[in-house]
Amino acid sequence: MSAEVITALLGRPLDGQPATCHGFHRVALYDRVFPAVHHCVGVPNCESCTHGSSADGATPTAVVNSVLYRVTDEQLMVFDEFEDDGYTRLQVTVSLEDGRALQCMIYTADLAPNRPMKALLRYGVPWDPERFRATALSEYVAMCEAFRQELAEGGLVPPVSRQCP
């Protein structure tokens, strides 16, 4: 999730640092501008898990993104609502740039049989973050801001989540 999207969803940025999550891959979805991350182990016909490299510089079985720090329960609730039932929050171990390992959570595509995300994955088609940034980010950020406003109006979260002490 880009810093712009996080800020749009939460009303402020979060601290973080680059990290790599091995054994996962970010792929394009049919008819969507955003990607899905999925666990590579045991996924049949997943060419992107065994060949080539992705546009974000990750190896075929690793996702490079950021670990976010000091995420409050309210902010986690916003992420849970945003990712909806097409995704599963999963605890994983990531590698930080300095080589340390860290436990964190990621949202992965729910690939259970008869789940909508399974049909949307474009196996073998890596998601292109630069294309997303150039063609869809501003509209996507506006959608995220509207989503945050709807949550706030529904009383699910405060208009701007507070900083964790």
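**Sheet, cores and confidence in a predicted model**

Biologist: In which sense do strand E1 (residues 16–22) and strand E5 (residues 87–96) pair, and over how many bridges?

Modeller: In this predicted model, strand E1, which covers residues 16–22, is joined to strand E5, which covers residues 87–96. Ala19 has its bridge partner in E5, namely Leu96. The sense of the pairing between E1 and E5 is antiparallel, and the number of bridges is two.

Biologist: Which strands are the edge strands of the open sheet?

Modeller: The open sheet has four strands in the order E4-E1-E5-E6, with antiparallel pairing, and its twist averages 50° from one strand to the next. An edge strand pairs on one side only, and this holds for strand E4 (62–68) and for E6.

Biologist: Which element gives the most to the largest nonpolar core, and how many residues does it give?

Modeller: The largest nonpolar core has 29 residues, and those with the most contacts inside it include Leu29, Phe79 and Cys144. Leu29 touches, among others, Phe34, Ala36, Tyr87 and Met117. The element that gives the most is H5, and its share is six residues.

Biologist: Why does Cys144 count as buried?

Modeller: Cys144 is one of the residues with the most contacts inside the largest nonpolar core. A residue is buried when its relative accessible area is under 20%. Cys144 counts as buried because its relative accessibility is 0%.

Biologist: How far from Cys104 is the nearest cysteine sulfur?

Modeller: A disulfide needs two cysteine sulfur atoms within 2.5 Å, and by this rule the count comes to zero. Cys104, which counts as buried at 17% relative accessibility, is in no disulfide, and the nearest cysteine sulfur, that of Cys21, lies at a distance of 6.4 Å.

Biologist: Which element has the lowest mean pLDDT, and what is its value?

Modeller: The protein chain has a mean pLDDT of 81, and 81% of its residues reach 70 or more. Over residues 160–165, pLDDT stays under 50. Among the elements, H1 has the highest mean, 95, while the lowest belongs to H3, at 77.

Technical notes:
Residues numbered from 1 in each chain as written. Predicted model: local features only at pLDDT ≥ 70, side-chain atom pairs only at ≥ 80, totals over all residues. Heavy atoms only, no water. Core = buried A, V, L, I, M, F, W, Y, C linked by side-chain atoms within 4.5 Å. Buried < 20%, exposed > 50% of the residue type's maximum accessible area, 1.4 Å probe, protein only. Contact = heavy atoms within 4.5 Å. pLDDT = per-residue confidence, 0-100. Pairing = 2+ DSSP bridges. Axes fitted to C-alpha atoms, helices over the stretch in contact; angles between N-to-C directions. Lists of a residue's contacts leave out its neighbours within four places in sequence.
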